[in-house]
Amino acid sequence: MNTLSIVWCEAERRWPDKIGLITETERLTYRELAARIRRLACEFIYQWDVRPGEVVALLAPNSAEFVLSYFAVTAIGGIVHPVDERLKPEEIRFLLEDSGARFAIVHQALWSKFASVWNALPALERVLAVGDVEANVDRFDKWVHQPDAPADPAGLAMAPAADDIAELMYTSGTIGKPKGAMRSHANARAASSNARRAFGYRHNDVIAIVMPLSHSSALVSQMLPMVEVGGTVVLVERFDAADLLSKISAQSVSCFRAVPATFKMLMVYPEFNSEHLPSLRLLMNSSAAIEPKTHWDIKARFPEVELVNSYGLTEASTCTILSDAMAREHADSIGVPIPGVEMSVVDDAGCPVGDGMTGEIWVRGPHVCLGYHKLPAETEALFAPGGWMRTGDMGHKDSQGLFYFHGRKVDVINCGGRKYAPVEVENCILELKEVAEVAVLGVPHPVLGQVAKAFVVFRDHVVADRKAVTRHCTRYLPSHKVPFYVESVDALPRNSLGKMLHRELKTESCPALHKK
Amino acid sequence: MANTHVRVIEFLSGVLQVDIPTDIDDLHRREFSDWDSINHLRLIMELEEVLGVSLDDEQAADLLSSRQIEALFIRHGVTLPGEKSS
């Protein structure tokens, strides 16, 4: 059976005494992991009566509880809906309402955010708290450590099918509201297999997972394939460069995957090199292109370590791989499709274009999601005839089969690998009564790649308080969406039809941008 | 320098838009989820504006607590509005 349960059951069968998971407080063998997953799955059935196909929201940072919940929910045919811990309460409310979750597992680190919107979620019936929270809800520890839990819960016999939905992974909402990409067990397994082929994970690997497990890359391209090969997963709850370096050293970490901003922050530390960190053998860049200079700066510190780049998206996970050898000749490429992934560059009519010609990148394969939750029109728009998925990314392919990413078809800002639509920030700023108009766009940032810059037209007779705009955004948006720069302008450039000319905003010579 | 301490806490509260009790002795980044790596970069930018200096990468990476920021303020002889220079 091509389901997620096979992954942890096989790891338990083949390597019962191997340490599979290391957190801040625990080291769990695969036998211990499997026992806890079974107990938890059992409680989901007997305490909550979770039925196949029901959504269970998972609000937790990188932790053992996240991994246990993920496998336990999917083991009983439930759909796990991981929620990004960095979201603001209102964003969390939107996601939980959209997914229609009746059940939620909430870690103490996210409890205050969750509690502030709980009353606005009438569909949510049961809550399982992880850690110390003041509420009359079920307790994760009690369920998992219950001594009299059935050893072989009957519910596990109702194993899900490979094509059943296992995960609801929300996109970052680059062109509007986030959408829940539905991934089946088979999709997740295929994505995991792709990652194994691309990165060559080994049984003796120790991977430090720095990216949030709620992110598609961390979940199915790092955690899942590492459990498949019986490696060891070190969960990093929160990124701190010095702390990560000490973990790599203490746990003999052999590989980790991160966004370019993380690598740049690590490069500040002189001890981020092979001499101090001899266990490292593989570094993987994710979510945004790494500049050639940073790539070679890292290679200079880790001459024998493989540094690979990749390209992927929530709906299809990791699709390409750019090895060190390829990067030497084609540093600006996103690489070649992983075996098992089909990719094509097409024109507006959906016809493949010639090498070197720009078009939209399409992907196809068993790793591609089933569509968007409760969004039939968007799902129909996502897929093209022949099972191809439209990525919304523009690029080209060269004569050697390497792909190149040019950007999104629509404007997005990519801040430290996290992508979002400027309109989200614009809508937030427009909530201020002092603001008449606003336009937001991404501007280069040396560490994060891009950050938001807001051009604000304040209403007549009000004091142009740029700091007030930043304060408002900080209060209501997650950190990566808060503008680093706010500029007060008299008017925004528009064409004769009144349409905003975003390109002109990027040029300082734009006559409409007369500063107050 | 008690006044500087209060002002630094207020500065942090302002940049991160969260309520931090001013009687807190020290606030470390690791204990405070809103002070994430992106907000840290924005904080550095705001600090550079207030101090009128450019902080290099090592200095920025070392500013991990309210006390360290306080020391930076004192080192640069900066007084925030409402505080007298000593």
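Predicted model: local features only at pLDDT ≥ 70, side-chain atom pairs only at ≥ 80, totals over all residues.

Trainee: Great, let's start with chain B. How many helices and strands does it have?

Mentor: Chain B has four helices and zero strands. Reading from the N terminus, its elements go α-α-α-α.

Trainee: And what share of chain B counts as buried?

Mentor: Of its 86 residues, 24% count as buried. If you take the contacts in chain B between residues at least 6 apart in sequence, 54% of them join residues at least 24 apart.

Trainee: Okay, how many residues of chain A and chain B are in contact?

Mentor: On the chain A side there are 18 residues, and they are in contact with 15 residues of chain B.

Trainee: Which helix gives the most to the side of chain A that touches chain B?

Mentor: That is helix 15 of chain A, residues 466-476, with three residues. By class, the side of chain A that touches chain B has ten nonpolar, four polar and four charged residues.

Trainee: Switching topic: at what angle do the axes of helix 4 and helix 5 of chain A cross?

Mentor: They cross at roughly 65°, and the axes come within 9 Å. Helix 4 covers residues 89-99 and helix 5 covers residues 111-118.

Trainee: Is that crossing left-handed or right-handed?

Mentor: Helix 4 of chain A passes helix 5 of chain A in a right-handed crossing. From helix 4, the contact uses A:Pro89, A:Glu90, A:Ile92 and A:Arg93, while helix 5 brings A:Lys113, A:Phe114, A:Ser116 and A:Val117.

Trainee: How do those contact residues divide by class?

Mentor: Four are nonpolar, one is polar and three are charged.

Trainee: Last topic, backbone angles. What is the phi of A:Ser252?

Mentor: A:Ser252 has a positive phi of about 50°, although it is not a glycine. For background, most residues other than glycine have a negative phi.

Trainee: Where is A:Ser252 found?

Mentor: Look in the loop between helix 9 (241-250) and strand 12 (255-258) of chain A. A:Ser252 has 15 other C-beta atoms within 10 Å, so it counts as partly exposed.

Trainee: And A:Ser317, what is its phi?

Mentor: A:Ser317 is not a glycine either, and its phi is positive, about 60°. This serine lies in strand 15 of chain A, residues 317-322.

Trainee: Is A:Ser317 buried or exposed, and why?

Mentor: A:Ser317 is buried, because 31 other C-beta atoms lie within 10 Å, and 20 or more is the cut-off for buried.

Methods. Residues numbered from 1 in each chain as written. Chains lettered and ligands numbered in written order. Axes fitted to C-alpha atoms, helices over the stretch in contact; angles between N-to-C directions. Helix = DSSP H or I, 4+ residues; strand = E, 2+ residues; numbered from the N terminus. Left-handed = near helix turned anticlockwise from the far one by under 90°. Contact = placed C-beta atoms within 7 Å. Nonpolar A, V, L, I, M, F, W, Y, C, P; charged D, E, K, R; others polar. Buried ≥ 20, exposed ≤ 12 C-beta atoms within 10 Å, placed from the backbone.
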